[in-house]
Amino acid sequence: MKTKLKTCAMAMAVSIFALPAVASESVKIGLPSWTGAQAIGHLLGEIVTSRIGGTVEYVPGNNATIFQAMDQGKGDIDVHPDVWLPNQQSFTDKYVDGAGTVTLSSNPYEGNQGFCVSNDFGTANNITDIADLGRPDVAALMDSDGNGKGEMWIGAPGWASANVNEVKTRDYGLLDFIEPIRAEESVKTARIKDSIAKGEGYAFYCYKPHAVWFMFDVKMLSEPTFDEAKYKMVQPSDDADWYENSYVATKDALKNVQIAWSNSLEGRSPAIAEFFANFSVTADDVSSLAFEVSANGVDPADAAKAWIAANSDRVDAMLGL
């Protein structure tokens, strides 16, 4: 009997020591294409690795892909670093309020969206309002490909805001004069630089915070004051006929911008989930980070490290230290 007990005890000991070590906390951060999201995503990741001791993987994706992965809760993507509301409200309605599988931060910063031109182009041609882009003389100055319409960048593929801006271009009565262009943000930035250098006309979707305000001398055009009655936006995720069933003829309301994460993260990596709940940055923080990345060519990870070093007290507060 004693031999059997001794054998069992030894087997249990071997079994215990054979168990794998408890894995460190880990997170997969979704990275949309725009610079602000890239900057915040790497800021989240650097705090997780350097201050929490966790592991991080960055996963490129658009809004739909990231929210779907967070909803599934399998750890394919755990966090969206830059949710603009109400732009992405169709996703938060579905996954935060509806399915209850995603948590939205309660620490937003303020965003402002509109359309911009360079100050030189605007001043030389008396362009102050979005309606001025519909003047034939202005549209001709913005026509770089000779098709009879001026080009205006409205956002990148997959952006909810680009859908809004496409509807706006129609409902502001600009389609006879302006061709809405979707392209990656790097294409827009290069085109702004080139148009200013050559003294050409160019208009583009712009928003604050963003590095563009530090990179170029640009101004935001006025639009009709936000009117909820004139703002009916239906996103493609909700309606295949979204374009026909939308109507937007007013400026966007000021935005709330925050992070969102999968509820399943709390069970897998509770310290990271707690940090996300306390994470807070300002619009100025995001603009400065985006400027370092876009204008100065700093790697997003290095920009994040420098920000953390300069704001250690704020990081400590987010971590409850």
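This is a predicted model: local features need pLDDT of at least 70, side-chain atom pairs count only at pLDDT 80 or more; totals for chains, interfaces and linings use all residues.

Trainee: What is phi of asparagine 126?

Mentor: Near 55°. That is a positive value, in a residue other than glycine.

Trainee: Is asparagine 126 buried or exposed?

Mentor: Exposed. Its relative accessible area is 55%, and the cut-off for exposed is over 50%.

Trainee: Switching to cysteines. How many disulfides does a search of the whole structure find?

Mentor: One. Cysteine 116 pairs with cysteine 206, and their sulfur atoms are 2.1 Å apart.

Trainee: Which parts does the pair tie together?

Mentor: Cysteine 116 is in strand E5 (residues 109–118) and cysteine 206 is in strand E8, so the link ties together parts 90 residues apart in sequence. Both cysteine 116 and cysteine 206 are buried.

Trainee: And why is the disulfide right-handed?

Mentor: Because the torsion about the S-S bond of cysteine 116 and cysteine 206 is about 80°.

Trainee: Now the core. Which residues touch the most other members of the largest nonpolar core?

Mentor: Leu43, Leu44, Phe204, Phe276 and Phe279, out of 48 residues in that core. Helix H2 (residues 35–52) gives the most to this core, with seven residues. Apart from it lies another core of 15 residues, including Ile127 and Leu221.

Trainee: Back to leucine 43. What does leucine 43 touch?

Mentor: Leaving out residues up to four places away in sequence, leucine 43 touches Phe279, Val281, Leu289, Ala304, Trp307 and Ile308.

Trainee: How do H2 and H12 cross?

Mentor: Their axes come within 9 Å and cross at roughly 100°; helix H12 covers residues 283–294. H2 and H12 are therefore roughly perpendicular to each other.

Trainee: Which residues in H2 meet which in H12?

Mentor: On the H2 side, Thr35, Gly36, Ala39, Ile40 and Leu43. On the H12 side, Val286, Leu289, Ala290, Val293 and Ser294. The residues of this contact divide into seven nonpolar, three polar and no charged.

Definitions and conventions:
Residues are numbered from 1 along each chain as its sequence is written. Side-chain values use heavy atoms; hydrogens and water are left out. Buried means under 20% relative accessible area, exposed over 50%, partly exposed in between (1.4 Å probe, protein chains only). A nonpolar core is a set of buried Ala, Val, Leu, Ile, Met, Phe, Trp, Tyr and Cys residues joined through side-chain atoms within 4.5 Å. Helices (H or I, at least four residues) and strands (E, at least two) are DSSP runs, numbered from the N terminus. Contact means heavy atoms within 4.5 Å. Axes are lines fitted to C-alpha atoms, for helices over the stretch in contact, and angles run from 0 to 180 degrees between N-to-C directions. Angles under 35 degrees count as roughly parallel, over 145 as roughly antiparallel, 65 to 115 as roughly perpendicular and the rest as oblique. Ala, Val, Leu, Ile, Met, Phe, Trp, Tyr, Cys and Pro count as nonpolar, Asp, Glu, Lys and Arg as charged, and the others, Gly among them, as polar. A disulfide is a pair of cysteine sulfur atoms within 2.5 Å.
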